[in-house]
Amino acid sequence: MHSSTLFITLAAALGFVSAAPTDNIYNPTKTYSSPRTTHTVVAGRGGRLIFDPDNIVAEVGSIVEFHFTPRNHSVVESSFSNPCQPKDANSFFSGFFPVSEGQSAEVFQIEVKDTRPIWFYCAQNNGAHCQSGMTGVVNQNFDNQAFSLRAHKELAAKVQGPSGVQANIQGGWRIPNPNPLGGF
Ligand SMILES: *[C@@H]1O[C@H](CO)[C@@H](O)[C@H](O)[C@H]1NC(C)=O
Ligand SMILES: [Cu+2]
């Protein structure tokens, strides 16, 4: 057997070959040697209909982690021009987080997969949260104010009728809150 073939066979048998490529695929239950940056966003901070912060700059590969405070918020991915509706069938949806005090026992994480803006909103219709200001963006194009978060919020305020939800929680990870008793 040629020596390089032998090496590959041995390496595969020992698991070296398969371990390396999967290390980049995000899995919230894994510990990484170089942890990803996590950007925390609080839905409903101070009882207000806001995401705080609502304008996030996040590098590709980083994580945006949504925490939920009272009363019953959610987060859904939308598009700039069609606020308060899922962008498409693959848009992420956290489900609803009814919370009576403090913050939710679970959080919802999404991974920033590329540099395109990620628009999002809360789909709670009891109080028209999206229309009232519960929208936000990751990686807004700051060079083009026609596509600013301010412009998006103006469009959202004009939306008639209910905000849309997805049938299922998808597109992210709903995991235990790493600090459920922490305040904001
Ligand atoms: C939270 O809001 C959702 C959507 O409006 C609703 O279906 C659900 O019943 C609410 N949960 C509670 C506990 O109020
Ligand atoms: Cu809300």
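Histidine 129 is buried, at a relative accessible area of 4%, where buried denotes under 20% relative accessible area, exposed over 50% and partly exposed the range in between (1.4 Å probe, protein chains only). The model is a predicted one, in which local features require pLDDT of at least 70 and side-chain atom pairs count only at pLDDT 80 or more, whereas totals for chains, interfaces and linings use all residues. Residues are numbered from 1 along each chain as its sequence is written, chains are lettered from A and ligands numbered from 1 in the order in which they are written, and side-chain values use heavy atoms, with hydrogens and water left out.

The chain comprises 3 helices and 11 strands, assigned as DSSP runs numbered from the N terminus (helices, H or I, at least four residues; strands, E, at least two). Of the 184 residues in the chain, 41% are buried.

Five strands form an open sheet of mixed pairing in the order S2-S1-S4-S8-S11. Its edges are strand S2 (51-52) and strand S11 (173-176), each of which pairs on one side only. Pairing requires that DSSP find at least two bridges between two strands. Within this sheet, strand S1 (residues 38-43) runs parallel to strand S4 (residues 63-68), with 6 bridges between them; threonine 38 is placed opposite isoleucine 63 of S4.

Strand S10 (residues 135-138) directs Thr135 and Val137 to one side and Gly136 and Val138 to the other, and all are buried. Strand S3 (residues 55-56) is joined to S10 in parallel by 2 bridges, with asparagine 55 as the bridge partner of valine 137. Strand S9 (residues 118-121), by contrast, is antiparallel to S10 and connected through 4 bridges; here phenylalanine 120 faces glycine 136.

Ligand 1 is surrounded by Asn72, Phe96, Pro98 and Gln124, each with a heavy atom within 4 Å of it. A polar side-chain atom of asparagine 72 is 2.4 Å from an oxygen atom of ligand 1, and a side-chain N or O atom of glutamine 124 lies 2.8 Å from an oxygen atom of the ligand. On its own, ligand 1 has 360 Å² of accessible area, of which the protein covers 38%, as calculated by the Shrake-Rupley method with a 1.4 Å probe; for residues, only the protein chains shown count as cover.

Glutamine 166 is situated in the loop between helix H3 (149-157) and S11. This glutamine counts as buried because its relative accessibility is 12%. The side chain of glutamine 166 reaches two backbone oxygens: that of aspartate 88 at 3.1 Å and that of serine 91 at 2.9 Å. Polar contacts are pairs of N or O atoms within 3.5 Å; within protein, one must be able to donate a hydrogen and the other to accept it, and residues adjacent in sequence count only if both atoms are side-chain atoms.
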